Amino acid sequence: MSRYTQTLDRISQILENIMKRVATIRQLYYAGMYQAAQVQMLRLEESSERLTLLTRSLPCYTGARSAPDGGAPNSPDAIP
């Protein structure tokens with residue numbers, strides 16, 4: 001499995017986790033458990049940041065089987 005497909009798989013896992021966490025936050029909010037919802041919101045923010053970093057690195061792989069294992073952007077313009 002290439003680094004490209006591994007990254008895509010990890011992105012899918014994080015997206016599934018985000019969707020579950022959003023549903024949990026909603027349930028906690030409607031149940032009046034605001035402090036627990038706040039904790040979950042912070043975890044949601046962490047997951048969102050991980051997703052952003054992974055999606056930013058994805059273009060570096062370009063889907064090529066010979067793509068390097070590194071993952072650092074080749075261009076300084078890659079990260080705003």
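These legends walk through several close-up views of a predicted model.

View 1. The protein chain holds two helices and zero strands. Of its 80 residues, 21% are buried. Its accessible surface is about 6100 Å², and carbon and sulfur atoms account for 54% of that. If you take the contacts between residues at least 6 apart in sequence, 54% of them join residues at least 24 apart.

**View 2. Helix H1 from end to end.** Helix H1 covers residues 3–30. With 28 residues at 1.5 Å a residue, H1 should span 40 Å, and its end C-alpha atoms lie 41 Å apart, so the two values agree. After H1 comes Gly32, which has a positive phi, near 80°.

**View 3. The buried residues of H1.** Which residues of H1 are buried? They are Thr7, Ile11, Ile14, Ile18, Arg21, Ile25 and Leu28. Helix H2 (34–61) is part of what covers the buried residues of H1.

View 4. Thr7 sits in helix H1. Is Thr7 buried or exposed? Its relative accessible area is 6%, under the 20% cut-off, so Thr7 counts as buried. Leaving aside residues up to four places away in sequence, Thr7 touches Leu54, Ser57, Leu58 and Tyr61.

**View 5. The largest nonpolar core.** Six residues make up the largest nonpolar core: Ile11, Ile14, Ile18, Leu51, Leu58 and Tyr61. Both helices take part, with H1 and H2 each supplying at least two residues of this core. As background, nonpolar side chains tend to be buried together in soluble globular proteins.

**View 6. Ile14, a core residue in H1.** Ile14 belongs to helix H1 and is one of the residues of the largest nonpolar core. Ile14 is buried because its relative accessible area is 5%, under the 20% cut-off. Which residues does Ile14 touch, not counting residues up to four places away in sequence? The partners are Ser47, Arg50, Leu51 and Leu54. Between Ile14 and Leu54 there are 9.8 Å from C-alpha to C-alpha, while in sequence the two are 40 residues apart.

View 7. Not counting residues up to four places away in sequence, Ile18 touches Leu44, Ser47, Ser48 and Leu51. Asn17 is likewise in helix H1. With a relative accessibility of 35%, Asn17 falls between the 20% and 50% cut-offs, so this residue is partly exposed. The C-alpha atoms of Asn17 and Leu44 are 8.7 Å apart, although 27 residues separate the pair along the chain.

**View 8. A tyrosine patch on the surface.** Our last stop is a nonpolar patch on the surface formed by Tyr29, Tyr30 and Tyr34. Together these residues have about 440 Å² of accessible area. Why does Tyr30 count as exposed? Its relative accessibility is 65%, over the 50% cut-off, so Tyr30 is classed as exposed. Tyr30 lies in helix H1.

Notes
Residues numbered from 1 in each chain as written. Predicted model: local features only at pLDDT ≥ 70, side-chain atom pairs only at ≥ 80, totals over all residues. Heavy atoms only, no water. Helix = DSSP H or I, 4+ residues; strand = E, 2+ residues; numbered from the N terminus. Buried < 20%, exposed > 50% of the residue type's maximum accessible area, 1.4 Å probe, protein only. Contact = heavy atoms within 4.5 Å. Areas by Shrake-Rupley, 256 points an atom, 1.4 Å probe, with all protein chains shown as cover. Patch = residues over 30% accessible without salt bridge, like charges linked within 9 Å, V, L, I, M, F, W, Y side chains within 5 Å. Salt bridge = Lys/Arg side-chain N within 4 Å of Asp/Glu carboxyl O. Expected span 1.5 Å × (residues − 1). Core = buried A, V, L, I, M, F, W, Y, C linked by side-chain atoms within 4.5 Å.
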